[in-house]
Amino acid sequence: MRIHGRGGQGVVTAAELLSVAAFNEGRHAQAFPSFGSERTGAPVVSFCRIDDRPIRAHEPISEPDALIVQDPTLLHQVDLFGGLRSDGFVLINTSRSLADLGIAEFFEGHHSERVLRVPATDIAREHLGRPLPNAVLLGGFAAMTRAVSLDAVAGAIRERFPGALGDRNVNAARNAFEYVDA
Amino acid sequence: MLKQEEGSQAVAHAVAMCRPEVICAYPISPQTHIVEGLSDRVRRGDLSPCEFVSVESEFAAMSVAIGASAAGARAYTATASQGLLYMAEALYNASGLGLPIVMTVANRAIGAPINIWNDHSDSMSQRDSGWIQLYAESNQEALDLHVQAFKLAEELSLPVMVCVDGFILTHAFERVDLPAQEQVDAFLPAFEPRQMLDPADPVTIGAMVGPEAYFEVKYLMHAKQLDALDRIPRIASEFEEAFGRSSGGLVRGYRTEDAETIVVALGSVLGTIEDVVDELREQGVKIGALGIKCFRPYPLDEVRAALARAGRVIVLEKAWAIGVGGIVGQNVRLALSGLPVSVHDVIAGLGGRPITKRSLRALFADALADRLGPLSFLDLKRDVVERELERQTAGGRPGPHAENILKELGVVAARSH
């Protein structure tokens, strides 16, 4: 899977947390960033592979099974959907419709139940008081793909962010899980 | 203990368990996370006794390591790219003096053009510096090689460079099996220096040597490197016995037994190659891969034995001798001299350009169809190069290559006026 966002939104951390969640469920996982101009606000991409077998390949993911778009302002700037199959999962951080975002036409013919939206920035503001959507979206990702469980995501978040910060992120992720699951 | 961890943190873990007494470092991407992890451990008192020396340059980092090692301390540092070049003079001193320093090189391209991404130009530029060079293909192997490196360095009294692909490994979260401290302690005995600056028993380390003895002192480096060819497989098998997994050694073949075509490579690209080898094997293609784990000393006999029965060898390498061709390729040809094997150098992955399975499939298909020449460049944008060459001969002041090509690719906007 591939995550698109901007520097400062925790794009790299999200992929790492997802790999830890998969690892905690006994699976093999590999997370890595595509480093470029990793300044705050600049487009950043990260990747995560999850498999039942050891992962040997070290190449970027050009044909993802799933995408998370942490920042919808990237939609018309970066080739976000490159290599995505028509049954690929897409989770976009937005409260707007696909038509509003100007991508409804693009997803015609795509399995519509696999293109989902979650207002992760709003959820993050509510739970964390800060617009940090990365851990929130992992909750939505778990609901959308079932590639990892919400419990595993929560465990990975708590390992990285102990204490109240972890709890708040877990609550936000659970909120996103329920939002997507509904 | 199994852990999902960043490559740099896994290396820091391994180095800390080897109980270095002096760590000196200057931060440079993509090595920085390793020495940050170590500096945290020293600060917290988790790694003790150990002195962490923040220096003002890589030249100083290696100089401090030399001083520490000469004073009898187990010394470690890490660097990359320009940093490795900046310490070049001191590298030759460390090896010439026979000091068992261990250093991680988080492999990165060399400027100009400035570039922070991975290739092997940095460590390959120092292949003849007298350091032993080991190349890791995964984070697990990166971790394991550091434990082996201290043992090897100290048995031989020679410095060892552990080369770990920058970003691709150093910044990747993968599953690693972290050994217990007691296991590492049992495997790696306390450092017993062969030579030491000791006020109670004074010696000179680094004496001036004239034509009467320079050759002999220098030859000893070669003799020790050849000795390493016996020790490296022995240490790897002791490691396997102690830790229950195979890591390191001189070379490692993958499905090479009956292979008519063998792909040779170093480092993290091996896993990607092996995946493509499996795909082709399913189609009945007799293809295999050979990882060179230790490039210095060069395991000539092992490379020859592994490749002798292949008709075709593809050497995929992340650096090259500009104006000549492949570096690893030259060494492979040396190992195969007199044998009817065709060797094809393929330069790939420079400056972080991804080496993808898609490109490898096309490359191997070309090789199998006898369309591959002696030297090729994987995914090089030839049209871009041709147009820049044309601009350079068109007269006037065509300007710098890097800016022209970035402009053509649309990476930077046109010049402002």
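Residues are numbered from 1 along each chain as its sequence is written, and chains are lettered from A and ligands numbered from 1 in the order in which they are written. Because the model is predicted, local features need pLDDT of at least 70 and side-chain atom pairs count only at pLDDT 80 or more, while totals for chains, interfaces and linings use all residues. Helices (H or I, at least four residues) and strands (E, at least two) are DSSP runs, numbered from the N terminus.

In chain A, helix α5 covers residues 150-160. Its buried residues (20 or more other C-beta atoms within 10 Å of the residue's own, with C-beta atoms placed from the backbone; 12 or fewer count as exposed, and values in between as partly exposed) are A:L150, A:A152, A:V153, A:A154, A:G155, A:A156 and A:I157. What covers them includes α1 (11-24), α4 (134-145) and α6 (164-181) of chain A.

The two chains meet through 18 residues of chain B in contact with 17 residues of chain A; contact is defined as C-beta atoms, placed from the backbone, lying within 7 Å. On the side of chain B that touches chain A, the elements giving two or more residues are β8 (173-177) and α10 (269-282) of chain B. The largest share, 5 residues, comes from α10(B). By class, this side of chain B has 7 nonpolar, 6 polar and 5 charged residues. Here Ala, Val, Leu, Ile, Met, Phe, Trp, Tyr, Cys and Pro count as nonpolar, Asp, Glu, Lys and Arg as charged, and the others, Gly among them, as polar.

Chain B also holds an open sheet of 6 strands in the order β9-β11-β10-β13-β16-β17, with mixed pairing. Strands pair if DSSP finds at least two bridges between them. The edge strands, each pairing on one side only, are β9 (251-254) and β17 (375-377) of chain B. From one strand to the next the twist averages 20°. Helix α12 (residues 327-335) of chain B packs on this sheet and touches β10 (261-265), β11 (287-292), β13 (312-317) and β16 of chain B; its direction makes about 150° with that of β13(B). Such angles run from 0 to 180 degrees between N-to-C directions, with axes fitted to C-alpha atoms, for helices over the stretch in contact.

Strand β10(B) is largely enclosed by the rest of the structure, because 5 of its 5 residues are buried. In a regular strand the side chains alternate between the two faces of the sheet. In β10(B), B:T261, B:V263 and B:A265 lie on one side and B:I262 and B:V264 on the other. β10(B) pairs in the parallel sense with β11(B) over 5 bridges, and B:V263 stands opposite B:A289 in β11(B). The chain crosses from β10(B) through α10(B) to β11(B) in a right-handed β-α-β crossover, meaning a clockwise path from the first strand over the helix to the second with the strands pointing away from the viewer. Another 4 bridges join β10(B) to β13(B), also parallel.

Most residues other than glycine have a negative phi, and most peptide bonds are trans. A cis peptide bond joins B:S29 and B:P30, and a cis bond also joins B:G111 and B:A112. B:F167, in the loop between β7 and β8 of chain B, has a positive phi near 65° and is buried, with 23 other C-beta atoms within 10 Å.
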